[in-house]
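I set out below what I looked up in this model.

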Amino acid sequence: MKALVYHGPGRKSWETVPDPKIVDGTDAIVRIDTTTICGTDLHILHGDVATVDAGRIIGHEGVGTVVAVGKGVTNFKKGDRVIISCITKCGTCAFCQAGFPDHCQSNDAGIGWLLGHRIDGTLAELVRIPHADFSLHHVPENVTDEQAVFLSDSLPTGYEVGVLAGAVKPGDVVAVVGTGAVGLASIMTTSLYGASRIIGIDTNAFRLRKAKEFGATDTVVAGEGAREKVLALTDGLGADVAIEAVGYPETLQTAISLVRPRGHVANIGVHGVPVEFPMEALWIQNLTITMGLVDATSTGTLLKMVASGRIKSEKMGTHTFKLKEIDKAWDVFANAAKEKALKVVLKA
Ligand SMILES: [Zn+2]
Ligand SMILES: [Zn+2]
């Protein structure tokens, strides 16, 4: 088969590799029908994720068709159309049972994000999915691939690590720093919680326009004067919740600077370098700062809302390519602001 292989910082290639095979009885092999590149994949190529080895097939999002299952798989069979969760969970370890499969202990790394990280991923024609019964979702008939593919990661991440971790509640003012795909997923799902204002903050005019389309009530151009503008929109107090969806020191510092005392800062971004944390000024502010990897335990809930039309996930895809045109798709996604791209959809 063909797959996108990471060969160390700055080096990737779409090349021929051996087909994956069933290793454990709980595995499934899925043929990728539709996939997408994640901001995390850009961070990997940049060398920000040290736990990804050279030689790894990257990618952790996708919709496909089951082509084979191990003897222990009971919930899926050959021919089933499935969403591949970015989190691979065993369903039985202490963390899975507690509802936190991002720390699944069934593997040496003790992490639920295995695909395109510790094992080969979804930017490929075929992928092996361990613990298939717990790591795949059936796709309802009326949900298209172009809707379903964002349920692998982007939507659950914006919702769980942004909105739920940020504890958004009715009436809150929510500031979202970085209105790329995941930031927009937060904006889209924040509106489910009755926020009184949703302020999108970005440097890029296209993304700010998208923020409005996805439900932001206000937008602010990032940089000098942004904090003052947010304060002016919030009676001088700042936001109740600031969601950081970029992963740079400056953007986390911006998010921290925007919240009022007792506010919540929910960091979604994948960080590659240390962030200076002004504890001497912050300790007295009673802030709650959260961070983490998605659990993807909300996928079923979000899928119901996508199926009913309540969440229009297909709006996240702005460009479509053939899977074999992945290098072209990568360049568009890597220059998303300039290319006016959110997520790129890759079709087999
Ligand atoms: Zn992702
Ligand atoms: Zn587990």
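Into which domains is the chain divided? I found domain 1 (2–153 + 295–347) and domain 2 (157–291), with bounds that come from an automatic or database domain assignment. I note that this is a predicted model, in which local features need pLDDT of at least 70 and side-chain atom pairs count only at pLDDT 80 or more, while totals for chains, interfaces and linings use all residues. Residues are numbered from 1 along each chain as its sequence is written, and chains are lettered from A and ligands numbered from 1 in the order in which they are written.

Entry 1: Domain 1 and domain 2 each put 17 residues into the contact; two residues are in contact if their C-beta atoms, placed from the backbone, lie within 7 Å. On the side of domain 1 that touches domain 2, helix H1 (39–46) and helix H13 (336–339) each supply at least two residues. H1 provides the largest share of that side, with four residues. Helices (H or I, at least four residues) and strands (E, at least two) are DSSP runs, numbered from the N terminus.

**Entry 2: the six-stranded sheet.** I read the strand order of this open sheet as S11-S10-S9-S12-S13-S14, with parallel pairing; two strands pair if DSSP finds at least two bridges between them. Strand S11 (218–221) and strand S14 (288–291) each have a single partner strand, so one side of each lacks a neighbour in the sheet. On average, neighbouring strands are turned by 20° against each other, direction ignored. Axes are lines fitted to C-alpha atoms, for helices over the stretch in contact, and angles run from 0 to 180 degrees between N-to-C directions.

I then followed strand S10 (residues 197–202), which is joined to S11 by four bridges and runs parallel to it. Ile201 stands opposite Val220 in S11, and Asp202 has Val221 as its bridge partner there. With helix H7 (residues 205–213), S10 and S11 make a right-handed β-α-β unit; right-handed means that, with the strands pointing away from the viewer, the path from the first strand over the helix to the second runs clockwise.

Which strands does helix H6 (residues 181–190) lie across? I found strand S9 (173–177), S10 and strand S12 (239–244), with H6 running at about 165° to S9.

**Entry 3: the nonpolar core.** I counted 107 residues in the largest nonpolar core, a set of buried Ala, Val, Leu, Ile, Met, Phe, Trp, Tyr and Cys residues joined through C-beta atoms within 7 Å. Among those with the most contacts inside this core are Val174, Ala175 and Ala239. H6 gives the most to the core, with six residues. Domain 1 and domain 2 each contribute at least three residues to the core. Beyond its neighbours within four places in sequence, Ala175 is in contact with Ile199, Ile201, Val230, Ala239, Ala242 and Leu258.

**Entry 4: the three-stranded sheet.** I read the order S2-S1-S4 in an open sheet with antiparallel pairing. Strand S2 (12–16) and strand S4 (56–57) are the edge strands. Two bridges join strand S1 (residues 2–6) to S4, and Tyr6 has Arg56 as its bridge partner in S4.

Technical notes. A residue is buried if 20 or more other C-beta atoms lie within 10 Å of its own, exposed if 12 or fewer, and partly exposed in between; C-beta atoms are placed from the backbone.
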